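Dear colleague,

I am passing a structure on to you, and below it you will find an account of what came out of going through it. Please keep the structure open beside the text while you read.

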There are 2 protein chains.
Amino acid sequence: MVDGTTLLNAARQLGAGLESICGGKGSCGKCKIRIEEGYFDKYGISSSVKSTATKDEVNAKFINKQQLKQNYRLACQTHVHGDVVVFVPEESRKGQQVVRKEATARKIKINPAVKKYYLELKPASLDDAAGDYERLQAALEKQYKLSNLAIDYPTLLEMQKTVRKGNWKMTASVWKNKEIVDIESGDVKKSYGLAVDIGTTTVAGYLCELTTGEILATESMMNPQVAYGEDVMSRIGYAAKEKGGLKRLNGAIIKGLNQIIGGIIKKTGIKRQDIIDMTVVGNTCMQHLFLNINPQYLGRAPFTPAIHHSVDVKARDMGIKIASGAYVHVLPIEAGFVGADNVGVLIAEEPYNQDEMLLIIDIGTNGELILGNRNRLMSSSCATGPAFEGAEIRHGMRAAAGAIEKLKIDPKTKEVQFKVIGNDKWNTEDKKIGARGICGSGIFDVAAQVFLAGIIDNGGRFNMKVKSPRLRLNGKGEAEFVLAWAKETAIKQDIVVCQKDIRAIQLAKGAMYSGARIMMKRMGVKKIDRVILAGAFGSYIDKTSAAVIGLFPDCDPKRVYAVGNAAGDGARIALLNVDKRDEADLWARRVEYIELTLEPEFNNTFTKALNFPHAEDKFPSLKNILP
Amino acid sequence: MVDGTTLLNAARQLGAGLESICGGKGSCGKCKIRIEEGYFDKYGISSSVKSTATKDEVNAKFINKQQLKQNYRLACQTHVHGDVVVFVPEESRKGQQVVRKEATARKIKINPAVKKYYLELKPASLDDAAGDYERLQAALEKQYKLSNLAIDYPTLLEMQKTVRKGNWKMTASVWKNKEIVDIESGDVKKSYGLAVDIGTTTVAGYLCELTTGEILATESMMNPQVAYGEDVMSRIGYAAKEKGGLKRLNGAIIKGLNQIIGGIIKKTGIKRQDIIDMTVVGNTCMQHLFLNINPQYLGRAPFTPAIHHSVDVKARDMGIKIASGAYVHVLPIEAGFVGADNVGVLIAEEPYNQDEMLLIIDIGTNGELILGNRNRLMSSSCATGPAFEGAEIRHGMRAAAGAIEKLKIDPKTKEVQFKVIGNDKWNTEDKKIGARGICGSGIFDVAAQVFLAGIIDNGGRFNMKVKSPRLRLNGKGEAEFVLAWAKETAIKQDIVVCQKDIRAIQLAKGAMYSGARIMMKRMGVKKIDRVILAGAFGSYIDKTSAAVIGLFPDCDPKRVYAVGNAAGDGARIALLNVDKRDEADLWARRVEYIELTLEPEFNNTFTKALNFPHAEDKFPSLKNILP
C-alpha cells in the first residue's frame, strides 16, 4: 500500500466492498466509515490517518459535528499513513449488484459476418505445384464462388498442418467474404459469436450460435472499472489525470471480458478458439476505454470523441481471448454523449423503418433520447444527474439485494408497501424485509406515489397539512417522508425521501422531458405515437410511474414499451446480421444530434418541466390517474 | 554447453568462425579440425571427445588414415563430453563473407504503396460534434478525394494527441489508398521505405526515400540462419526435425533484419517509426522462414509451399521494428523452388513486356530459369548442387577475402594468373597474395580456362599428355591441376582443381543447360535473343567463361547481360511502385512452372549437356573462342 493513499483506494486494493458512486471525488457521501483505532492529535487528525475532513467543506455536507467527534470520515477523503482499524457502517457496504441485462426475445434475420465453408481441397501432387493457400482459394472459388480472400496471418501459419490433419478436408471461417480468419480440419458446422454490452455499471456477454441465432449462454458482471469511479465523468477524470489511469481502466475491462468469456466456456464446454466473432456496444466513454483510447477530450468542451465510426480490431490486438484471427466489431457512436449503446437501441428498434413517431428514452446517469421515424431522426443527450442510479438521493443505492424496487402509498392512509430486491414478499407480508435503500425503479415509484398521494404538490414541495406519522421535519427543520421504518431495514435507521431527493428527481426527469419537447419542436411534432423505455433497468420501471412524474410528453400508457437492455440486443443483432452493422454506421451518421445546452429555449422549457407532471402541458392519456 | 553437442555447434555457440557449407550433415567436409588435447582410448576415441569419424564412412571421404592418426576430425561429426583443445586449420576458418548485393541503378516509376497527405482539419467546436477520425476522413475526402479509409489500430490510439499537438495540422500516411497507417503532427514531406532481399547466405536492406526513389543507405549481413545450415535443404531439415527449430530460424532472421534496420538508422539519422513500408524477396524457403511458416513440406514430395501469393503482414505482428502501423509486403513465389527472389527478377527485367526471347538464369545453390517473352513465360528450377557456391569443390569457398575470383591460364605455357578478393593485384604482381580457395566466379573461370587451355578435354577428363608441372597425379593416383602454389596461399598448401571438381561443375552447368533446352523445346524456341545472368554473384561472373563451359544455349556474348542482384532490385521496385506488386502476383501465377525431373527427356538431355560446352549443340556465336 502506498503511504498516503486514501482509505477508499486501500479498501479497493484489499477487495473490501466499500460503497462509492462518485468514484472518490467526495461528492456522493456514500463511503462514510468510522475510524476505530489510530492515534489522533489535538487537531483531531491522526498521525497514522490524516483526514481532510475537518478542513474540507466537501465533508461538511455528509458528516455532522457529532459524527466527526465519533471519528466518522469519508473514506475517499482520508489518507492512510500507517495501521488503522476501520468500521464500515451497513449503508456504506457495497452490495452485490443485481445484474439486470437479460437478453430480450427478438426476431433477428441471420446473416453473420463470419460464415463457415466446408472445403475439399485438391491434394498436392508432383504435377500440381500450387501452394496450400492457392488450393484453398481454388476450392472457395469453385465450391462457393468466393475469390481473392485475404488470410489472417496466424491462421496462415497453422494452415498446412490443419489441412493435412483433415486429409485435405477442412472448414474455413470467412469474415465478411473478405478474410479467412480461422481454419479447422474436417467439416465443422457450429459457429459461435459473442455479443457484449459494456455498461458503465454492468457488463454482459451473450454467446450465440451464429447459424441459428440461439443464445447459448449469458454471463454478466459488474464493470470492474467501477473500482475507479462509478460514473462516466469519474472515469474520464481518472483516465485523464491519474498516471497509468487509462491502462488500468482498459486492463480492467479487458480482464473482465476475458472472465466473462471464461464463464461462458465453462458453462457451454466450447473452446475460446471456437468464438469466431464479437460485437461490442457501450457509451462513448466505455467505447473509448475498451479501445484503449484516452477519453480525456470527452471530459471537456467541445467533448470531441476520437471516432464515431464502427471499428474492427483483431481480438488478439486488444488482448481479448477468443479465436486468434477473430475481429471485434465495436459499433459506432452518435456523439460525445450518445454512444454505441444508443446505436444498439437504434438498430434494435429501427425507428427509421417506422411510420409512427417514436420517442426512445435510454435511462441512465446520462439520458439519451431518439425522436423520429422514417422521415427524420434526431438524438440528444441530457445530464439527468445520477438520481435515477441512486446517487444524490439520501437513501439511494444501486440495484443490489435490499434495494426497494417497487413501492405503493395508500392515498388515504399514506401507509407504504414496498418490495426489495432479493425478497419476493412485500413488507406487509414480511416485516423482517431488511431494506437498505432505494434503487432506480424504486425511485420512480417513490416520486409518483408521494405525488399521487398528495404528500407533495405538483411543484414538488411537501404538503405539511397531510396527517401521517411518516411525514415529519428532521433535525434541520427539513421535511421528509418515511418510506421504511428502522425495524423494516437492515441499516437500523428509517429510510426516507426528503425534499432534496425530490428536487434531484425533478431535475432528472425535467431534463429528459425538456429534451424530448425541444426535439419535438425542432421536428414539428405535436404527438408521440409510441414511447420506448430502454436501459438496463428500463424493463423494471413502472410505466405509469414514469408517465405520472412526467418523464416524457403525453402518450397512451398502452403505447409505452419497456424493451429492457436494447443496447445489448443491438450488439446481438449486429453479431447475427452483418448488414445491421452497415445500418448502424449509416444511421449513427444520419441521426441529427441536438446539443440541448446550446438551445436558447432550453432553460425556459426545463423550468416548466420540473413540475409534476408539468407546469403547462396537459396529459389527456393520464386523465384517469392524475389527481 | 550441452554434453554431447557437436564441436561445430559448440564453435557456433562460442561465436568461433568455423567453416561449414552443409550445415553439419558431414557432407561438405569443410569443418575439418585437429584435436590437440583430450584423452584418447584404444579405439582412438577420447573420453572427452567422441567422434563418429572412425565408424562413419561419411568421414572417410574427407579424412585419410594419416590425418585420422593426427586426430583430424570433422567438427560436425565429433561430440564433446568435456574440456577439449582444438586446432582449426586455415582452410576451415570462416572468412568474413564479402557481401555482393549492391543495388543496381535502374529507372523506376515512382508510385509507392504508402503516400503522405498533409491535412488541415476543421478544429472541433461545440456546434460540430464530429469525432477526430471523422474530421480526418472529411479532410482526406475534401483535399484528396480519398474516402472510407480504415485506420491502423495503434495509430487510432495516438490520433487525438497527435492531431492536437499539430494544432489540427497533420500528415497522414496512407497505405494503398485503403488504410491510414501513421499520422504525424504538422507537414511531413519525407517518407521512407525498406526493400529487403533475404538470400540463403546474405541479407541486404536498401533504405529508399519513397517520393524520389533515392537509395539513402544499404546495409547487409550474412544471413544469421547460416548457423543452422548453410543451404536451403539443411534449414528445411533443421526446421522440420529440431525442436524449436522453426522458432530459432525465424527469430534469427527477424533479429538480423532488426540489426540491419538499426544500422540504417545509425547511418541516416532517421527514426524506426519513420520507415513506413517494407518489401521482402527471398527464395521459397526464406519466404517461409521469414513468415514463421514451417518449410517442412518443401523438403519432401510433392514439395508444396504454404502460399504462392504475396502476403501483407503488419510489421509489428512479425516483430520487425519499423513504424508500428507499417505493412511488410512479401512478394509472391512461383513454385516450391522458384521463389520471390525470382519474381523480383521477373518484375525487374519484365520479359513479359519484351518481343525478344529472353533466358534469365539465376545462379545459386539452386538454379532458377525463366524463358519467354510477351507471348509466353516458363520457369523451372534445377538442382545445380552447391558447386557454384564453392561446396563439393576441393578448394571451393564462399566469396570471402582470399577467394580466387578471377583466373586466366596461358594456353601455351599453362601458367596461371589469378586475383583474390581483398587484393587488387594479380598473383603475377604480388606473390604474397594469400589465396585461400576459389569462390563462385573463380570456379567458372577455372572450368573455362582449363578447357580452353586443353588441360581437360570436352568430356571433362584431364589430358595427361599436357606438359606442365602443374598437372600431376595425387597420392591416390588422381589427376589434379595446381592453380596456386602453396607459397601463393594463406593455407600453406597447393590450391588445385581435381577431377571430382570438374565433375561437380559439369553436373551443375549440365543441369542448367538442359533445363533451358527442355523449356526451349516445350515452347518451340530455336534461338535465344538475350541471356540475363542474375544472382548475388551474377555480376562477377565472366560472361565468356559462362558461355564457354556451356551454362546456357548459344547466344551472342554481346547479348549476355549480368544484372547483379536483380532479386533485391525487384524488392526495391515493388517498394517504390505499388503497381509492380500486382504485376508480380499476376506473373508469378501466369508463369508456367516446369518440373524438370518429371520430363521424360531430362536424363538424355542432361547427359549430353555434361560435355564442354555440349556433346552435340553447336555454338556459332563462340566460334572464335572455342578450341
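**How the two chains are related**

Please bear in mind throughout that the model is predicted. The same surface serves both copies, since 100% of the contact residues of chain A recur in chain B.

**The contact between the chains**

How many residues does the contact take from chain A and from chain B? It takes 33 residues from chain A and 33 residues from chain B. On the side of chain A that touches chain B, the elements that give two or more residues are α4 (132-144) and α5 (153-165) of chain A, and the largest share, five residues, comes from α5(A). Sorted by class, the residues of this side of chain A divide into 20 nonpolar, eight polar and five charged.

**Two packed helices in chain A**

Two packed helices are described by the angle between their axes and the distance between the axes. In chain A, helix α6 (residues 232-241) and helix α7 (residues 245-268) pack at an angle of about 130°, and their axes are 6 Å apart. That angle makes α6(A) oblique to α7(A). From α6(A) the contact is made by A:Arg235, A:Tyr238, A:Ala239 and A:Lys241, and from α7(A) by A:Gly245, A:Leu246 and A:Leu249. By class, the contact of α6(A) with α7(A) has four nonpolar, one polar and two charged residues.

**A glycine in a loop of chain A**

A:Gly364 is found in the loop between β16 (358-362) and β17 (366-372) of chain A. A:Gly364 and A:Ala534 are 170 residues apart in sequence, and yet they are 9.3 Å apart in space, C-alpha to C-alpha.

**A helix and a sheet in chain B**

In chain B, eight of the eight residues of helix α8 (residues 284-291) are buried, so this helix is largely enclosed by the rest of the structure. Among these buried residues of α8(B) are B:Cys285, B:Met286, B:His288 and B:Phe290. Just after α8(B), B:Asn292 takes a positive phi of about 70°.

Chain B also has an open sheet of six strands, with mixed pairing, in the order β12-β11-β10-β13-β15-β14. Why is one side of β12 (215-222) and of β14 (311-314) left without a neighbour in the sheet? Both stand at the edges, each with a single partner strand, and therefore one side of each has no neighbour there. Neighbouring strands of this sheet are turned by 20° against each other on average, direction ignored. At one of these edges, β14(B) pairs with strand β15 (residues 327-330) of chain B in the antiparallel sense over four bridges, and B:Asp312 stands opposite B:His329 in β15(B).

With best wishes

Definitions and conventions. Residues are numbered from 1 along each chain as its sequence is written. Chains are lettered from A and ligands numbered from 1 in the order in which they are written. This is a predicted model: local features need pLDDT of at least 70, side-chain atom pairs count only at pLDDT 80 or more; totals for chains, interfaces and linings use all residues. Two residues are in contact if their C-beta atoms, placed from the backbone, lie within 7 Å. Ala, Val, Leu, Ile, Met, Phe, Trp, Tyr, Cys and Pro count as nonpolar, Asp, Glu, Lys and Arg as charged, and the others, Gly among them, as polar. Axes are lines fitted to C-alpha atoms, for helices over the stretch in contact, and angles run from 0 to 180 degrees between N-to-C directions. Angles under 35 degrees count as roughly parallel, over 145 as roughly antiparallel, 65 to 115 as roughly perpendicular and the rest as oblique. A residue is buried if 20 or more other C-beta atoms lie within 10 Å of its own, exposed if 12 or fewer, and partly exposed in between; C-beta atoms are placed from the backbone. Two strands pair if DSSP finds at least two bridges between them.
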